[in-house]
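Subject: Structure handover

Hello,

Here is the structure I said I would pass on. My notes come after it.

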Amino acid sequence: MTEFLIRRVLQSLLVIFLISIVTFGLIHAAPGGPTQIFLSPGLSQEAGRIQAHNLGLDQPVYIQYARWLGDMLQGDLGQTFKNNLPVSDILWPTVQNTVILMGVAWLFAMLIAIPWGIYNSTSEYGISDQTASMISYIGFAMPVFWFGIMLQELISIKWDLLPLSDMYTMGKEGNIGDLFMHLILPVSVLTLGFLASYVKYSRTSMLEVLDQDYIRTARAKGMKERRVVFRHALRNAMIPIITILGLDLPILVGGAAITESVFNWPGMGRLFIEMAVAREYSVLMAITLITAVIVVIGNLIADILYAIVDPRVQIGRKGGVSS
């Protein structure tokens, strides 16, 4: 296990390093990149040159990259190009807000979807199973922005039951009750999206395991169905579910940009859109790299959980996961 962890951590660091190179290179190679910001008609050529020099944008690209990476390793995310504000002061509050929103929706969806999918696998094509399928189809097909706007129109504007948008009512910042009321609508939108996939994956994974020979043998021995499902089938059926959860982990940090924009939630997804429009490349690079780190961590956690959840899975000598 120790050797596996060391190998995976080293592989993860290499992946993050390569992503940082690609991200930095694409940002600087894109039309209208960082060096073009200070050539706008409203800014004199001399003032633009001075600003670019202060930010180190007149240096060769490899020197800029080395300086940026060194600052990142020390926890310095840099400064915005236009206002010279610390990126960390802008970014970290939005990360916290996104984790609150996405974390609540993600946890709520898992608590509903996984037990529901397990139950549907034991009562295939029943009313519950058909209901879950219908909800999944709706969740996959319905545009997120449309669903959010319809909820706002019906519940907030027409019935005046819940706040229309934002994270807090003005003057009630930090009030848990007010935060809860503002969470209901965006969490409902996000939960539907999570449910659409989680219920399907849970049900399908369980059905595949329940069809195995060892499950039929356990049933033939007279073992109770509840014990067959939860003791023998569930652990082996968790592998695909863990994979999906590991891949969805970055969503907790990256945020759902459309949902955050519709509900004016001050999160990371909305910030990314705003910074892209404003061409604040230092913020965009920081968001991209942080998301990449979370993706790598999510995959590492998933690999470890494979060996813990499924007794058939063993960590290979070459650092891979094999069954």
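This is a predicted model: local features need pLDDT of at least 70, side-chain atom pairs count only at pLDDT 80 or more; totals for chains, interfaces and linings use all residues.

Residues are numbered from 1 along each chain as its sequence is written, and side-chain values use heavy atoms, with hydrogens and water left out.

Salt bridges. With a side-chain nitrogen of Lys or Arg required within 4 Å of a carboxyl oxygen of Asp or Glu, the count is six. One of them joins arginine 203 to glutamate 124, with the closest N and O atoms 3.6 Å apart. Arginine 203 lies in helix 7 (residues 176–210) and glutamate 124 in the loop between helix 4 and helix 5 (127–141), so this pair ties together parts that are 79 residues apart in sequence. Helices here are DSSP runs of H or I with at least four residues, numbered from the N terminus. Arginine 203 is buried at 12% relative accessibility, whereas glutamate 124 is partly exposed at 37%; buried means under 20% relative accessible area, exposed over 50% and partly exposed in between (1.4 Å probe, protein chains only). Glu124, Asp129 and Arg203 are linked in a salt-bridge network.

Arginine 216 has salt bridges to aspartate 211 (3.3 Å, N to O) and to aspartate 213 (2.3 Å, N to O). Arginine 216 and aspartate 213 are three residues apart in helix 8, so about one helical turn separates them.

Helix pair. The axes of helix 8 (residues 213–220) and helix 9 (residues 225–248) come within 10 Å and cross at roughly 160°. Axes are lines fitted to C-alpha atoms over the stretch in contact, with angles from 0 to 180 degrees between N-to-C directions. The two helices are therefore roughly antiparallel (the term applies to angles over 145 degrees).

Surface patch. Val144, Phe145, Trp146, Ile149, Met150 and Ile258 form a nonpolar surface patch with about 540 Å² of accessible area together. Patch residues have over 30% relative accessible area and no salt bridge, and nonpolar side chains are joined within 5 Å; areas come from the Shrake-Rupley method with a 1.4 Å probe. Helix 6 (residues 144–158) gives the most to the patch, with five residues.

Backbone. Most residues other than glycine have a negative phi. Asparagine 84, in the loop between helix 3 (61–73) and helix 4 (87–122), has a positive phi of about 55°. Arginine 279 also has a positive phi of about 55°, and sits in the loop between helix 12 (268–278) and helix 13 (281–309).

Regards

How values were computed
Patches are made of residues with over 30% relative accessible area and no salt bridge: like charges are joined within 9 Å, nonpolar side chains (Val, Leu, Ile, Met, Phe, Trp, Tyr) within 5 Å. Angles under 35 degrees count as roughly parallel, over 145 as roughly antiparallel, 65 to 115 as roughly perpendicular and the rest as oblique.
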